[in-house]
Amino acid sequence: MATLPPFMQQALALAQRATGLSEPNPRVGCVLVAADGRTVLGEGHTQPAGQAHAEVMALRDAAGRGHSVQGATAWVTLEPCAHQGRTGPCCVALAQAGVARVVASLTDPNPRVAGQGLAHLAAAGVAVETGPGAAEARELNLGFFSRMLRGTPWVRLKIAASLDGRTALPDGRSQWITGEAARADGHAWRARAGAILTGLGTVLDDDPRLDVRLAAVHRQPPLVVVDSRLETPPTARLFGPGREVWIYAAADDPARRAALEARGAHITVMPNPQGKVDLAALLRDLARREVNELHVEAGHKLNGSFVREGLADELLCYLAPKLLGQGREMAAFGPLPGLEAAPALDFQAVDRVGPDLRLVARFAGRDRF
């Protein structure tokens with residue numbers, strides 16, 4: 001970001017603050033700068049769904065400071081919206097306020113916008129420009145772009161493992177391989193997700209809550225359970241107060257369905273030809289439910305299914321400085337016919353988190369859409 005215009009850097013920093021807040025809307029920041037090119041008149045970022053977008057927040061901020069934005073430049077990390085959704089169109093608000101110029105990082109991939117916001121501004125006599133901060137703004141909203149352009153969420157597999165790649169002892173015990181700092185960091189990644197997914201095996205083995213407790217959160221992400229035969233116990237701890245639980249099954253069972261629906265679960269039967277849950281169809285359905293980022297915390301079998309079917313986009317892997325020797329692997333798939341068939345990944349980041357390492361690795365080519 002060092003080569004970006006300073007006000008776009010500021011807008012991107014504001015957009016970052018919308019992480020975990022704006023779902024399912026994109027994370028957007030806006031800075032309004034006076035005609036002198038130096039004075040910040042107002043700034044803002046996207047609020048929770050149904051509330052103000054970044055541009056409107058910046059206009060309100062400027063008004064609160066007693067500033068007119070006549071002749072100002074709006075630096076915004078995504079094209080101002082052009083449609084009436086939960087809120088009004090931001091392009092109209094900017095034009096009516098008298099903004100003279102809009103610099104947007106990217107056009108909005110949402111078909112309901114897709115250049116229309118910039119076209120409206122241009123028709124109103126506002127100078128428009130795109131490009132500065134495009135890579136950074138897209139990366140920040142990779143899940144939103146995935147949902148709009150691929151019709152599926154961005155799928156991130158979170159794994160905690162020993163240095164020799166074991167996620168649990170042979171009998172399934174895994175608490176705790178990594179340290180407290182890594183667990184807290186993992187909750188921050190849960191908080192940014194549109195939904196958290198796990199499998200029946202994890203539910204039965206660990207009875208987890210899989211909610212966000214160790215990080216600030218605006219709302220608890222819905223929990224998705226892959227459960228082919230509706231064997232999730234109605235007494236499971238995942239049924240927290242007010243928590244949305246979406247169970248995807250491969251076969252229906254009226255009695256089990258009734259018991260789970262009594263706990264508030266939403267059940268979808270979606271089998272594949274092998275009699276398992278159709279994971280590709282599940283992802284399309286989650287996109288329909290407006291999930292941008294899907295955070296997967298599952299066992300080696302379900303992780304392996306996501307990898308084998310080419311549905312995983314990224315690994316979030318915490319490695320502890322210990323060896324287990326034997327135990328459950330990260331993802332069970334294969335066998336491969338040769339090393340050339342191994343899924344390739346690109347490291348995005350390697351960081352220390354307490355005594356552990358955090359690796360973010362992206363399956364090669366998955367972000368090209």
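This is a predicted model: local features need pLDDT of at least 70, side-chain atom pairs count only at pLDDT 80 or more; totals for chains, interfaces and linings use all residues.

Residues are numbered from 1 along each chain as its sequence is written, and side-chain values use heavy atoms, with hydrogens and water left out.

**Stop one.** Select Leu32, Val69, Leu94 and Val102: of the 37 residues in the largest nonpolar core, these touch the most other members. A nonpolar core here is a set of buried Ala, Val, Leu, Ile, Met, Phe, Trp, Tyr and Cys residues joined through side-chain atoms within 4.5 Å; buried means under 20% relative accessible area, with a 1.4 Å probe and protein chains only. Next, color helix H1 (6-16), strand E1 (29-33) and helix H2 (54-64), which are among the elements that each supply at least two residues of this core. H1 gives the largest share, five residues. (Helices, H or I of at least four residues, and strands, E of at least two, are DSSP runs numbered from the N terminus.)

**Stop two.** Elsewhere, apart from that core, lies another of 32 residues; Ile159, Met270, Leu279 and Val296 are among them.

**Stop three.** Now show the lining of the largest cavity, including Glu23, Arg27, Phe144 and Asn292. H6 gives the most to this lining, with three residues. About 40 Å³ of space lies inside.

Notes: Buried means under 20% relative accessible area, exposed over 50%, partly exposed in between (1.4 Å probe, protein chains only). On a 1 Å grid over the protein atoms alone, a cavity is a set of points where a 1.4 Å probe fits but cannot get out, and a pocket is an open set with protein on both sides within 12 Å along at least five of seven lines; lining residues have an atom within 4 Å of a point. Grid points are joined across faces, edges and corners, and a volume is the space filled by probe spheres set on the points.
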